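Biologist: I am new to this one. Can we go through it feature by feature?

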Amino acid sequence: MNSLAGRKIVVASHNAGKLREFAELMAPFGIEAASAKDYGLPEPEETGTTFEENAYIKAFAAAKATGLPAMSDDSGLCVDALDGAPGVYTADWASRPDGSRDFMMAMEKTEALLAGKGATEPAQRTGRFVAVLCLCEPDGTAEYFRGEAEGTLVWPPRGSDGFGYDPVFQPDGFDVTFGEMTAEQKHGWKPGQETALSHRARAFQKFARARLGSA
């Protein structure tokens with residue numbers, strides 16, 4: 001596949017936090033990005049059981065509807081003591097009956113389950129954020145880019161930056177959570193640098209190297 005640098009791409013998401021992060025990551029490449037929400041596209045039902053399957057469902061729906069290449073991210077928090085949960089159901093744990101999402105509720109649920117297993121020490125509270133980017137063409141051709149960030153779950157939540165479960169996730173090698181980091185600190189990467197920090201930035205770095213000619 002040829003480079004996407006300078007082309008228009010649809011970001012197949014309605015999540016404001018993800019859209020903001022994608023905009024920050026894409027900005028250096030001159031990509032004209034529009035969201036699925038900008039096109040008035042509905043959110044497809046995520047029926048997959050893996051990050052890859054759900055990312056494809058969203059990206060293909062947007063690409064088919066717009067005739068443009070589309071990128072989707074499916075991501076989640078996988079906690080070792082909870083056998084990898086919430087995993088692909090990370091956002092579902094925050095869902096309320098009215099369709100809104102309450103991530104404080106989701107973080108409290110995660111903490112209650114950890115407490116129920118007696119996981120009180122840092123070594124018992126390990127996990128990772130996983131992000132899978134799917135780049136899909138209107139004909140259904142797709143590529144995948146996976147990034148993971150290892151860390152420890154802390155309690156109580158710390159920081160008001162970021163979104164989702166960021167306030168309870170402290171990445172390895174740091175004494176602050178994603179919720180206490182600026183966007184630049186959380187991504188930890190920009191063109192020309194080798195190391196990305198966040199799961200989404202690590203996945204995007206792989207995408208940039210493959211499709212945008214980034215070092």
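Modeller: Start with two terms. Helices (H or I, at least four residues) and strands (E, at least two) are DSSP runs, numbered from the N terminus. On a 1 Å grid over the protein atoms alone, a cavity is a set of points where a 1.4 Å probe fits but cannot get out; lining residues have an atom within 4 Å of a point. This is a predicted model, where local features need pLDDT of at least 70, side-chain atom pairs count only at pLDDT 80 or more, and totals for chains, interfaces and linings use all residues. Residues are numbered from 1 along each chain as its sequence is written, and side-chain values use heavy atoms, with hydrogens and water left out.

Biologist: Which helix gives the most to the lining of the largest cavity?

Modeller: Rolling a probe the size of a water molecule over the atoms shows where empty space is left. Here, helix α3 (residues 103-116) gives the most to that lining, with four residues. The lining includes Met107, Arg125 and Trp155. The largest cavity holds about 40 Å³ of space. A volume is the space filled by probe spheres set on the points, with points joined across faces, edges and corners.

Biologist: What is the volume of the largest pocket?

Modeller: A pocket is an open set of grid points with protein on both sides within 12 Å along at least five of seven lines. The largest pocket has a volume of about 870 Å³. Of its 40 lining residues, the closest to the centre are Lys18, Glu46, Lys58, Ala91 and Arg101. Elements giving two or more residues to this lining are α1, α2 (51-66), β3 and α5.

Biologist: Which residues of α5 are buried?

Modeller: Buried means under 20% relative accessible area (1.4 Å probe, protein chains only). In α5, the buried residues include His199, Phe204, Phe207 and Arg211. Helix α5 covers residues 199-211 and reaches 18 Å from its first C-alpha to its last. Just after α5, Gly213 takes a positive phi of about 70°.

Biologist: How many disulfides are there?

Modeller: A disulfide is a covalent bond between the sulfur atoms of two cysteines. The rule asks for a pair of cysteine sulfur atoms within 2.5 Å. The count comes to zero disulfides. For Cys78, the nearest cysteine sulfur, that of Cys134, is 18 Å away. Cys78 counts as buried, at 12% relative accessibility.

How values were computed
The expected span of a helix is 1.5 Å times one less than its number of residues. Buried means under 20% relative accessible area, exposed over 50%, partly exposed in between (1.4 Å probe, protein chains only).
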